Amino acid sequence: MSVLVEKFKEGYSLLFDRNWPLWVGGILLALLGIICMAAGRPWGVAGGLRVWSDWLFYWIGLYPTAPGYAFFLSNTSILTWGLLFGAFGAALLSRQFAWRNAPRWELGKGLVGGVFMGVGSVMAGGCNVGGFYTALAAGSVSGFAMMAGLLVGALIGLKYLMWEIEHIDMKPPKQKASKEGGIEWPKVQPWLGALFFLFLVGWAYCLSFRAYTQEAVLMLAAVGIGIVIQRCRFCFVRSFRDPFMTGEAVATRAVALSVILSVFGFFAIKWFRTDWQMIYIYHHWIGGLVGGVIFGIGMLLAGGCGSGSVWRAGEGQFKLILAVITFSMSNSLFKNYVWTRDVASSWGKPIFLPMVTDYFWAIVITAVVMLVWWAIMAWNEETDSLTIV
C-alpha cells in the first residue's frame, strides 16, 4: 500500500508540482481545439467575454434588448467559463492560487491594456485565439493579417515598457503579514481543486440529461484547455514578445507547432462538413492587421493575452482580473456602437484560404508561414539580431 501511495505522490508531483513543457502544451491545445471544432464551436475567448458584458449592460438598462446568447450556456460563453474554471482548478491542485496585488501603475496598465485588447479583438474578429490561432487553423486569411499586426503591436508595446523602466519608479504594494495559527492553504488547496473538478464533471454529466450535451462537451474541453494552459504557463504574449526581449523562442516554437497540427484537424472536419467551411472565417485582412496591432499593444500593457489574462485571473492576479473586466466591457461596447456589421463588411469580405487555392496548398501555405516564423525566431535565438532590449 505504501508503494502505491508513493507512486501516486510521484505522479501528482509530476503533474502539479512542475510546469509542463510548452511543446506538450502546444500539442494538447491543438487536440482540444480540434475537439471543440468537432463539437460545433471552435475555441475562442473574446466572444465569451463579450456575452458576459452584453448581459451586464442589458441588466443595467444600457442595452434595450436581451443578448441573443445565454449568459452561461451559450457556446461562446461556456468556452470562456470553462477556460477560467480549468485554470482555477489547476491552480488549486498545484497550490498556486493566491490573491496577488500589484502596484497601482500596473493595475492601471491592466485596465488600459484590457480596453486595447477589447477593441482590437473586435476589429480582428477575435483575440489572439479566435483572431489568430483558431482563425489560421480554420483557414481564415485574416489570421495571417492579425499575426503580422500582433508582431508590430508587440514591438510597440515592448518599446513602451522599456521607456517605462527608465522613467517611472514603481513601489511594490504592501503585503499583508500572514496570521499565525490560520488555515494552511497550501495543504488544503489540492483537496479543494479535486472537489471542484469532481463538481464540474458531475455538472457536465447532468447537463447531458437536459439536452445540453454539446455545451457539456465544450465546457469539459475548455476546462482541459484551462488546465493545460495553466500547467504549461502557455501565454501567446511570450511567442510574440520574448524573441524581441530576451531572444528566447520556446513559446514561438510551441505556438507554431500547435497551429500546424490544428490546421490538419480543422481542415479534415471542414472537408467532410462543407456547410461548416465558413465557420471562423472573418472579414478582410485590414481588420485583422489593424486590430492585431491594437491588441498586441494591449497584451503587452496587460501582461497577458486573451487566454493568458483569463487563466491568470483564475490564479487570483488582480491586474489580470481588471484586464479581463475592461476587455469584456470595451469589446461589448465597441462591437455594439462602433464596429457594427456594416462597418466590418465595408473593410472587406471573409476569405477562406482553401477556396482560393485548395485544401492541400492551404495546408502547405499555413505550415510554411509557421515554419518560417519558427526558423527566423530560432535564428534570432542564436544571434540576438532582432532583440531590442
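Mentor: Tryptophan 23 is located in helix α2, where helices (H or I, at least four residues) and strands (E, at least two) are DSSP runs numbered from the N terminus. The model is predicted, so local features need pLDDT of at least 70 and side-chain atom pairs count only at pLDDT 80 or more, whereas totals for chains, interfaces and linings use all residues. Residues are numbered from 1 along each chain as its sequence is written, and side-chain values use heavy atoms, with hydrogens and water left out.

Trainee: Is tryptophan 23 buried, partly exposed or exposed, and what relative accessibility does it have?

Mentor: Buried means under 20% relative accessible area, exposed means over 50%, and partly exposed is in between (1.4 Å probe, protein chains only). Tryptophan 23 has 53% relative accessibility and therefore counts as exposed.

Trainee: Which residues does tryptophan 23 touch, not counting those up to four places away in sequence?

Mentor: Contact means heavy atoms within 4.5 Å. With residues up to four places away in sequence set aside, tryptophan 23 touches Ala254 and Leu257.

Trainee: How many residues has helix α2, and what does it reach from its first C-alpha to its last?

Mentor: The expected span of a helix is 1.5 Å times one less than its number of residues. Helix α2 (residues 22-38) has 17 residues and reaches 24 Å, close to the 24 Å expected. Just after α2, glycine 40 takes a positive phi of about 105°.

Trainee: Which residues of α2 are buried, and what covers them?

Mentor: The buried residues of α2 are Leu22, Gly25, Gly26, Leu29, Ala30, Leu32, Gly33, Cys36 and Met37. Their cover includes α4, α6 (128-138), α9 (213-232), α10 (236-245) and α11 (250-272).

Trainee: Where is threonine 76, and in which helix?

Mentor: Threonine 76 has its place in helix α4, and its 9% relative accessibility makes it count as buried. Leaving aside neighbours within four places in sequence, threonine 76 is in contact with Arg41, Gly47, Gly48, Val51 and Tyr69.

Trainee: How many aromatic pairs does a search of the whole structure find?

Mentor: A pair of aromatic rings is described by the distance of the centres and the angle of the planes. Rings of Phe, Tyr and Trp (its six-membered ring) pair if their centres lie within 6.5 Å; planes under 30 degrees apart count as stacked, over 60 as edge-to-face and the rest as tilted. The search of the whole structure finds 33 such pairs. Phenylalanine 199 and tryptophan 203 have ring centres 5.5 Å apart and planes at 35°, so this pair is tilted. Both residues lie in helix α8 (residues 185-208), four residues apart, about one turn of the helix. Phenylalanine 199 is partly exposed, with a relative accessible area of 47%, and tryptophan 203 also counts as partly exposed, at 27%.

Trainee: What is the count of salt bridges?

Mentor: Side chains of opposite charge can pair when their charged atoms come close. A salt bridge is a side-chain nitrogen of Lys or Arg within 4 Å of a carboxyl oxygen of Asp or Glu, and the count comes to 12. In one of these, glutamate 106 meets lysine 109 (3.0 Å, N to O). Glutamate 106 and lysine 109 both lie in helix α5 (residues 104-124), three residues apart.

Trainee: With which glutamate does lysine 109 have its closest N and O atoms 2.9 Å apart?

Mentor: That partner is glutamate 164, which forms a salt bridge with lysine 109. Lysine 109 lies in helix α5 and glutamate 164 in helix α7 (residues 142-167), so the pair ties together parts that are 55 residues apart in sequence. Lysine 109 counts as buried at 7% relative accessibility, and glutamate 164 is buried with a relative accessible area of 4%. Salt bridges that share partners join Glu106, Lys109, Glu164 and Lys319 into one network.

Trainee: Which phi value does arginine 233 have?

Mentor: Most residues other than glycine have a negative phi. Arginine 233 has a positive phi of about 55° although it is not a glycine. Arginine 233 is found in the loop between α9 and α10 and counts as partly exposed at 23% relative accessibility. Aspartate 384 also has a positive phi, near 60°, and its place is in the segment after α17 (359-383).
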